[in-house]
Amino acid sequence: MGASREMAVQQVHELIYESCLTLNAEKWNDYLDLCDKAVFNYSIVNYSPEIRRDQCWMERDYKGLKSIFDLLPKHNSDRSQLTRHATVYRVGFDPEQNVANALTLVTIYRTQLDGINSHFESGATSLFAVGKYMDVIGLDAGKANLKKRVVALDTRQVDIGSHYPL
Amino acid sequence: MSSQSAAAEAQAADNGKQSKQGRARNLAEWSQRPNLPGTHYLDTRVYTDPAIYDEEIDKIWNKVWLPICHESELSAPLDFRTSGVAGTKPIVVVRGADNKIRSFLNVCPHRGNIVMRAPAGNLGEGSPSGNPRNMTCMFHGWQFDATGRCVEIPREKAGYQDRLCKAQMGLRELRTEVAHGGFVWVNLDDNCGPLADFTGNAFDFMATELDTVPLEVFHYQKAVVRTNFKLWHETSREFYHDYLHYHNRATGMLQKGYFDRKYTAFPNGHAATGLTSITYDAYEGAKDRGLTFPGMPLNGWKQLNIFPGCTYSLRASCLRVSVMTPISTDKVLIEIRGFGLKEDTPEERRERILDHDTIWGPFGRNLHEDLLVVQNQSIAMREGSGSKYLVMAREENNTIHDEIGLRSYYEEWSRLMGRLACDPSRRSDE
C-alpha cells in the first residue's frame, strides 16, 4: 500500500503542476485533456465578509469550459498572461475508490500585454490573486485526471476580472 | 487647356474627392468643435479636470439619493454594514433593535477615527474595547447605540466636567430610506426631498419585479477601476457598444426585435431601456433561462439607470445592481451585486447564480469587456493627452442605439453643475 500511495501522490503532484503549466501557456485543449470529460466540474468560489455569504463566481462542467475556450477568439479580452505558481500542500488518497483529494496553494500573477496602456504597462507583472485549488483527482488505469477543481479565492478584488479560468 | 490649369483642376477634383471620402485631420481640424448641437457632444474636460470633479462631489454626490447596500445584508436586528459615498465619506448602516435601518457618518466625533471597521457584522458580537450592542470607537472607547446616540464616554465627568456630555455627542445621522427592491438609500443633504421625489416614476416599469416578494443578495464584488465614474456609468447608458460584446451580439443584436427596444428618459437624469427578449441559447454552451422574476417574461431584459451612478439590470433570472463611489477624476470604486428571490430553493438559487456569472461575474463574458474599455478610454483622454470632444449624437427614434441615455444624463449634469458639458468653462444659463 505504501508504494501505491507514494505513486498516487506523485501522480497527483504531476497532474496539478501540469494543469498550471497548460493554463499558463494558454493551451486550453491540453488542460481539458487532464480533466475527466464525464464528470469534471470547475468552480471559482470565495467567502464575502461584505455580504457574509459563500459565493460562487464561476461554475462550468467540461462542456461548458470547452465552450468558453472555443469562444475566446470572438471576445475582446485582456490578453495579459496569467501565471499560476502552485504548491501542493496536502494529498489524501482513497485506494478503494482510486480517488485523491489535494489541497494546493496558488498565487496568480498577471503580466500586462494589452489590458491597459500597453505603451507604459506591457511587460509589467503584478499580483492578480491568491487562493487554493481544492481538487478531486481520479487515478483509474494508472492515469490521473481531474474530476473536480474548486478555486477558492482569498482575493476578492480581481481588478477588471478575466475571461480565463484560474 | 494649359497644363497648369489642368493640374489645378485635377487638384480641385482630388480635394472634392477627399472631402467626400474624408481623411485624417491636422491639429486645427482635430480641435474644432463638432458640427453638432451642444447637447450632442462633450468636452473631455468633464472627465479629467480636478476642479470639475470637486464640484461634482459638492453639487451632485452630496445632494442626491444614493443606494449603498441591500436590506438582506442587514437581515437581523443589530446587523451593520459599512460603506461609503460621495468620494471618501465613510458610512455605517445599522438595523436597530426596533428593526429600523439607519445610517450614520462612520466617524467618531471625538478624534475622527473610523468607528466600525469591519465590512459587516452584528453589534451583538461586541469588540475588544466595547460592550456588545453598541458601536465602539476602539481609540478611546466612546460608544454609540444603534440609533446613533452616544451612550458611553470613558471618564466623562473627570475629563469634561460639565462642559461636554454624551447627549451632545451623537453620530451624524443621514437621511435613509429603504426602497426599490429593498435597497438602502442615503442622502447627505438633510434638506433633500423624499426619495420618491428623486426617483419619480422611473421604477414603475420594474416595480412588480422588484417589490412583489423580498429579494436577497447572492453576489458581491468590487473593484477600484482606473477610470472616471461617468465613463463607467455611460457604458450602462448606451447600447450601441453591444458591438463590443460577442455575447450581446449573438443573443440580442442579431435577433428579431432588438432594434425596436425603446429607450425612455425620466426627470432627474434617470433613463430606462424597456423590455426585450434575449435568445440566450444563441450563445454556444448557454441555454434559455428557466427562471424569472415576478411579472417578468422568461428571457426578458429590462434596465434602469439612476443618476448619477447606479444601474438596475434585470436579465430574466437575476438582477444585477451596480453602484459606484467616485474616488478621483480617474479612479472609481465599482460595487456589483447579484440578486435572486429570498424564497428561492437551493436549486433555483444555483441556477440564478450560474446565469448571473455567465455575463456579469468577474470571470463572466461582458463585465470584463466593459471594464477593459472604460479603463482604456480613461487612458486615452487623460488631461494633456490631446483628446478634445466625444460625440453622443445618435438619434434613432428613442430606440436601443439612440444615445438619448447619454444626453439625458448630461442634461441633468448641466442643470446641477451650472455648466455646459460641451464647454464646461461656460455656465449653462449663459
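**Close-ups of salt bridges and a buried strand**

**View 1. R350(B) is partly exposed, at 46% relative accessibility.** Buried here means under 20% relative accessible area, exposed over 50%, and partly exposed in between (1.4 Å probe, protein chains only). This is a predicted model: local features need pLDDT of at least 70 and side-chain atom pairs pLDDT 80 or more, while totals for chains, interfaces and linings use all residues, and side-chain values use heavy atoms, without hydrogens or water. Residues are numbered from 1 along each chain as its sequence is written, with chains lettered from A and ligands numbered from 1 in the order written.

The partner of R350(B) is E59(A), in a salt bridge of 2.3 Å, N to O (side-chain nitrogen of Lys or Arg within 4 Å of a carboxyl oxygen of Asp or Glu). E59(A) sits in strand β2 of chain A and R350(B) in helix α10 of chain B, so this pair joins two chains (DSSP runs: helices H or I, at least four residues; strands E, at least two). E59(A) is buried, at 15%.

**View 2. R337(B) and E73(B) form a salt bridge, with their closest N and O atoms 2.6 Å apart.** R337(B) belongs to strand β18 and E73(B) to the loop between β2 and β3 of chain B, so the bridge ties together parts 264 residues apart in sequence. Both are buried: R337(B) at 0% and E73(B) at 2%.

**View 3. R172(B) meets D190(B) in a salt bridge of 2.9 Å, N to O.** The pair ties together parts of chain B that are 18 residues apart in sequence. R172(B) is partly exposed at 32%, and D190(B) is partly exposed at 47%.

**View 4. Salt bridges link R53(A), E216(B), D344(B), R349(B) and R352(B) in a network.** Over all chains, the structure holds 33 salt bridges.
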